[in-house]
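Here is a short report on one structure. Keep the sequence and the 3D view at hand as you read.

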Amino acid sequence: MTATDPPAEAPKTTTPSAGTALPDATARPTATYQAGRPFAPGTPITGTARLRAYRDDGPICVALGTLPRGHLPPLPGALVALAVSAVLLATGVGEQHSLALFAPVAVLLLTGLASGHAHTGRLDWLVPPTIRAIEYGYLAVLGFAQSVPAPLIFVLLGVLAFHHYDTVYRTRQGFWPADWLFPAGLGWEGRMLVVALFGLSGFLPFAYAALAAYLGVLFACESVLSWTWLVRGGGVMDDLEEEGT
Amino acid sequence: MTLAVIIATGRAPGPDPIPAAAVPVPPPGASGDASESPSRSVLSRLLGQLDRLGVAERRLITRPDLAPPLRKDGHDPVECEDTAADLREISRLAYGARTSVVLLPGDLVISDEQLARLVLDAAEQPATAVTVRRVGGRARPVRADAAGRVAAAGSAFHRVSAPTADSPGPLHIGEQRTVQAAGVADDLAGLLELPGALPPSMALPASPAGDDDYDALELMLVGLVRAGMPVTAQAAVPELVCRRVATPEEARAAVEAAERANERRVRLRAAVKGNDGWFATYAVSSWSPLLVRLAAWFGLTPNKVTLASAGLAALAAFWFGNGTRSGMVTGAVVFYFAFVLDCVDGQLARYTRQYSRLGAWLDSMFDRAKEYVVFAGLAVGASAAALGGGLHVANVWALAVAALILQTVRHMIDFSFRDRPRPPAPDAPAAPLTVADDPNAAAGTSGAASAGTVERLSRATAGIPAVHWAKKIIVLPIGERFAVISLTAALGNARLTFAVLLVWGWIAGCYSLTGRVMRALHG
């Protein structure tokens, strides 16, 4: 035991949260829109960076989201987009030039414009699961309707699920995926657009296989490499126990 | 990392100035022949425990006349004239600390497990105080509210109405709150230096402060609570020990009680998650602690158990992919054991306190992977069986894809709801330190009254076991999902498995989504 004086310096500042991985993550929360009873005026509402990461927006969506400067509430558009894509998928998805192939554009316009919003509304947490339902549902229904091999659809959705669970579980450990991962993964809108374009040209199974292979390698390698880097001590955190697995 | 500040100002009774911290205790394992073994003091026992918990940064505070015996034992204390000086020193140390700060009385006899809970498990909390059942002795009364927070704390001056427990003194102040705690300590010291500001009206007969009117730790707890800081009341496990001693007899009795307690059993009991689902609680955790002890004995890490569980799930998927009846039954049994190991890894991590961020991530990721790999196995098996004219007659890939989508979207609803934006819970309002009476005497139930309708209904029915389990089962938690997959696959076929998962999962999704939307709107 030692009685040497510890340095009595200036007060420490609280560590800022790691939630800076997304562009626009620091956008000013808009207090104009609140579903339900509004929070008391002036209450600081923080921590929506993770909610926005769960959206998994790609570059097109992010670019669209800068246009309304975060003033457009995200939930109404997302719910309308869910209904629209359901209707479009229901109106004959089998023919190659069906309306369903334009669903990604409609969904993108309805949800993408609000992607810059801070998601501070009381029900804005419904937006990421809604986007997931649209994306997964679209990929599944289109794939089955245009006779993409079923295991291929399952594998593509499994790869996407890996990425989306990985985003949640990694940020929960205070460990954010690299900034470039979300644009590199094309975002939900990018993946839907790719599939729709290939649907128009009739090479859908190829698109599913290529997407599954590219995204699978991308997401798995990024995740494994960054965990390896963190466990080997490259990370900024020092509280990780070495367990060697 | 943690800084431990040990306040050894308590005195052993007698004519000579002997710190209670220097009272000898029997060495570990010795019963009866204490005279033979090298002597050990209460303080060196405590320091040894801190060593084992990896707390290397320690400061010792004592009175000038108590310092020589401590120095003789090889300690290096800081001398403080009185309680105000103690508080000034605590303030200085907390202010300069870059870590969380644990405050301990030097004359404390505490079980290893109880100390580990305070030092390791409470590190992320704003502040934590150990509380014990009210049995009198060297402790001050506290009142804990329904949420497990200290609502009021007592000292020689400050009163507590309707106390629920006692605080023997140990405190853990989280890293984010050390500067605030330093301010509290300074305020308290200032009041003590002001004559008549804190008249010690009720010095108890067994005052923990010895010759002083106050003990720095009792004042710190009062100060933190009245400053509005959320202080968690960490109730000591009844069979463990956490008490202050002053005489060799007390010390011997306390150490013997600490050594008698079966800490392994306490730890094992605490390793089983309290809020698990019905299947996990009754069909797995009823016997999985055996496996936890076995795994700990073999020195397995939680991550190895996680990997073994994933391996079993892959094996189950392989058997399901076979498509024959024997394959389905084998797969179901193997899948059950995959779930057992899935529970064991978390329990082992809590039992051995081997937490890691990688471990938490691996566990969660593999949980999902296990389920979806088995979906694929079942779909492959159905196709294989259809080819061979076996059990199944159809292509169930569409059902497998639907089940995957439903489960993932349900999870995303859970995650997003959990991470929804909420204004941070404000600290309780501050109360003045110079008022002796309990400032929150009437405010004990205000928390329940302000809750929304859903929350109140939910709380009101939580006490009924049937309702409690029904609410757990309806949301189709992981244990129930694994059980459904195993049972329907073994007794029926893949089509039945997916049909049950889809119908039940859809009901579960609607049920929890409704509750969450209402909670978010009115909460």
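## Where the two chains meet

This is a predicted model. In it, 53 residues of chain B are in contact with 55 residues of chain A. Several elements of chain B each supply at least two residues to the side that touches chain A: strand 4 (57–62), helix 3 (83–96), helix 11 (302–322), helix 13 (357–387), helix 14 (397–418) and helix 19 (494–522). Helix 14 of chain B gives the most, with 13 residues.

What kinds of residue sit on this side of chain B? They divide into 31 nonpolar, 12 polar and 10 charged.

## Chain B as a whole

Chain B has 523 residues, and 50% of them are buried. Its secondary structure comes to 19 helices and 14 strands. Along the principal axes, the C-alpha atoms of chain B fill a box of roughly 95 × 60 × 40 Å.

Now look at contacts in chain B between residues at least 6 apart in sequence. Of these, 76% join residues at least 24 apart.

## The seven-stranded sheet

Chain B contains an open sheet of seven strands. Their order is 5-4-1-6-12-8-13, and the pairing is mixed. Which strands stand at the edges? They are strand 5 (78–79) and strand 13 (231–235) of chain B. Each has a single partner strand, so one side of each is left without a neighbour in the sheet.

Strand 1 of chain B (residues 2–8) pairs in the parallel sense with strand 6 of chain B (residues 100–105), over six bridges. Within this pair, B:Val5 stands opposite B:Leu103, and B:Ile6 stands opposite B:Leu104. Strand 1 of chain B also pairs with strand 4 of chain B, again in the parallel sense and over six bridges. Here B:Ile7 stands opposite B:Ile61.

## A buried strand

Is strand 1 of chain B enclosed or open? Seven of its seven residues are buried, so the strand is largely enclosed by the rest of the structure.

In a regular strand the side chains alternate between the two faces of the sheet. Strand 1 of chain B can be read this way: B:Thr2, B:Ala4, B:Ile6 and B:Ala8 point one way. B:Leu3, B:Val5 and B:Ile7 point the other way. All of these residues are buried.

In soluble globular proteins, nonpolar side chains tend to be buried together. The largest nonpolar core of this model has 115 residues. Which members touch the most other members? They are A:Leu157, B:Ala316, B:Phe335, B:Val374, B:Ala400, B:Val401 and B:Leu404. Helix 14 of chain B provides the largest share of this core, 14 residues.

Take B:Phe335 from that list. Leaving out residues up to four places away in sequence, B:Phe335 touches B:Ala313, B:Ala316, B:Val374, B:Phe482, B:Ile485 and B:Ser486. A second, separate core has 92 residues, including B:Ala20, B:Leu219, B:Val225 and B:Ala258.

Helix 19 of chain B has 29 residues. At 1.5 Å a residue, the helix should span 42 Å. Its end C-alpha atoms are 41 Å apart, which agrees. The buried residues of helix 19 of chain B are B:Ala494, B:Thr497, B:Phe498, B:Leu501, B:Gly505, B:Ala508, B:Arg516 and B:Ala520. What covers them? The cover includes helix 13, helix 14, helix 17 (465–474) and helix 18 (478–491) of chain B.

B:Phe318 lies in helix 11 of chain B. Is B:Phe318 buried or partly exposed? A residue needs 20 or more C-beta neighbours within 10 Å to be buried. B:Phe318 has 18, so it counts as partly exposed. B:Phe318 and B:Gly381 are 63 residues apart along the chain, yet their C-alpha atoms are separated by 8.7 Å.

## How confident is the model in chain A?

Chain A averages a pLDDT of 76, and 73% of the residues score at least 70. Among the elements of chain A, helix 1 (residues 49–55) has the lowest mean pLDDT, 87. Helix 6 of chain A (residues 150–172) has the highest, 94.

Where does pLDDT stay under 50? One such stretch is residues 1–45 of chain A, for which the model has 71 contacts beyond four places in sequence. Another is residues 235–245 of chain A, with 20 such contacts.

Key:
Residues numbered from 1 in each chain as written. Chains lettered and ligands numbered in written order. Predicted model: local features only at pLDDT ≥ 70, side-chain atom pairs only at ≥ 80, totals over all residues. Contact = placed C-beta atoms within 7 Å. Helix = DSSP H or I, 4+ residues; strand = E, 2+ residues; numbered from the N terminus. Nonpolar A, V, L, I, M, F, W, Y, C, P; charged D, E, K, R; others polar. Buried ≥ 20, exposed ≤ 12 C-beta atoms within 10 Å, placed from the backbone. Expected span 1.5 Å × (residues − 1). Pairing = 2+ DSSP bridges. pLDDT = per-residue confidence, 0-100. Core = buried A, V, L, I, M, F, W, Y, C linked by C-beta atoms within 7 Å.
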